[in-house]
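Q: I am new to this protein and would like a close look at one part of it. Could you pick a residue, describe its surroundings, and then take me through the charged pairs that link parts of the chain?

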Amino acid sequence: MCPSRVLVAMQCFSGKCTGTSPSRIPVGNPKLDPGRGVCSQISLQVLNAAYSTYRPDEIFLSFNGGKDCTVLLDIIMKLLPTIVSSGDLKCVYMQPKEPFEEVEEFIDHCRRYYNIKIRSMRGDIRTILNKICEEDHKIKACLMGSRQTDPYCENLKSMQETDPGWPKMMRINPMLNWSCSDIWEYIQKNDVPYCSLYDRGYTSIGDKTNTIPNPNLKRTGKSGEMIYIAAYQLQHDKLERAGRL
C-alpha cells in the first residue's frame, strides 16, 4: 500500500474544540440513537465480529479527532460497554507534521470526556505502525473511521489485512457505508462533541499544509464580511473534500 493511501485510511479527518468546551449541534432532548438504521446496524455487526475475533487488548483505534472516528469512538463507548470499557480501549493519534492547535485541544478533551488514554505518536505511518507492533506484541488489529467516499477507500472491506510490506494486522472498518450526512445526523441525535473547526467551514481536515475551509460554505455576513457556515450545513456530500489542497 502506498504511503498516501495509508495516511488517508489510517487517519480520520481532524478537528477541534475551543478551550474546554467542545462544539455541539443544537439539539432538544439528546438520546442515544445509532443514526440511520442500516448504517448503525452494519457498524455494530462489524464491531461485534471484531471483538468476537480479537480480545480488546489486541485492537487499537486510530483516532485523530475527526468527525468520522469520533462517531466510531462514541459508538464503541456507548453501545458496546459490555465488550470493551474505556480502560480496555487502546487509542493512537498519529500526529501530522503541522497539526491544527484546535485538533490537539479536541483530542485532549476526548481523553477526559470518554475517560480514555490516547497516545500521540509522530512520524510516517509505516514507522508508527512498526513501532506499535514492536512495543505491543498483542496488537493484531486496528479500528479505523474510514468511509467508502474517502480517497482510495471505495473498495475497502469491513475487515481487510494490511498490504504486503506493511506491518501485518487486520484493518477493521465499521464506518464504510456511512455518508457525511449520516455522520452529522448521529452527532446531532446523540449530542456528540466535535471539533470547532467544523463550525468554521472546515468539512474534511488534514493539517495546516493541506486544508482550508470549504469554499462551498462561504457566505456574506450582515456587515458584508466573508464568513463560513458550519460543516453540517453542507448540502452535497460529494463536496465534502472541496477544502483539501
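A: Let's start with asparagine 214, which is buried, its relative accessible area being 0% (buried means under 20%, exposed over 50% and partly exposed in between, using a 1.4 Å probe and protein chains only). Before going further, please note that this is a predicted model, in which local features need pLDDT of at least 70 and side-chain atom pairs count only at pLDDT 80 or more, while totals for chains, interfaces and linings use all residues. Residues are numbered from 1 along each chain as its sequence is written, and side-chain values use heavy atoms, with hydrogens and water left out.

Asparagine 214 sits in the loop between α6 and β7 (helices, H or I of at least four residues, and strands, E of at least two, are DSSP runs numbered from the N terminus). Leaving aside residues up to four places away in sequence, asparagine 214 touches Gly201, Tyr202, Thr203, Tyr228, Leu234, Leu239, Glu240, Ala242 and Gly243, a contact being heavy atoms within 4.5 Å.

Of its 245 residues, 52% are buried. Among contacts between residues at least 6 apart in sequence, 79% join residues at least 24 apart.

Now for the charged pairs. Side chains of opposite charge can pair when their charged atoms come close. Searching the whole structure gives 16 salt bridges, each with a side-chain nitrogen of Lys or Arg within 4 Å of a carboxyl oxygen of Asp or Glu.

One of them involves the loop that also holds asparagine 214. Here glutamate 102 forms a salt bridge with arginine 200, with 3.1 Å between the closest N and O atoms. Since glutamate 102 belongs to helix α4 (residues 101-113) and arginine 200 to the loop between α6 (180-190) and β7 (218-220), the pair ties together parts that are 98 residues apart in sequence. Glutamate 102 is buried at 13% relative accessible area, whereas arginine 200, at 39%, is partly exposed.

A second pair is aspartate 136 with lysine 90, a salt bridge whose closest N and O atoms are 2.5 Å apart. This one also links distant parts of the chain: aspartate 136 is in the loop between α5 (125-135) and β4 (141-143), lysine 90 is in strand β2 (residues 90-95), and 46 residues separate them. Lysine 90 counts as partly exposed because its relative accessibility is 24%.

Next along, glutamate 135 forms a salt bridge with arginine 119, where the closest N and O atoms are 2.8 Å apart. Glutamate 135 lies in helix α5 and arginine 119 in strand β3 (residues 118-122), so this pair, too, links distant parts of the chain, 16 residues apart. Both partners are partly exposed: glutamate 135 has a relative accessible area of 44%, and arginine 119 has one of 36%.
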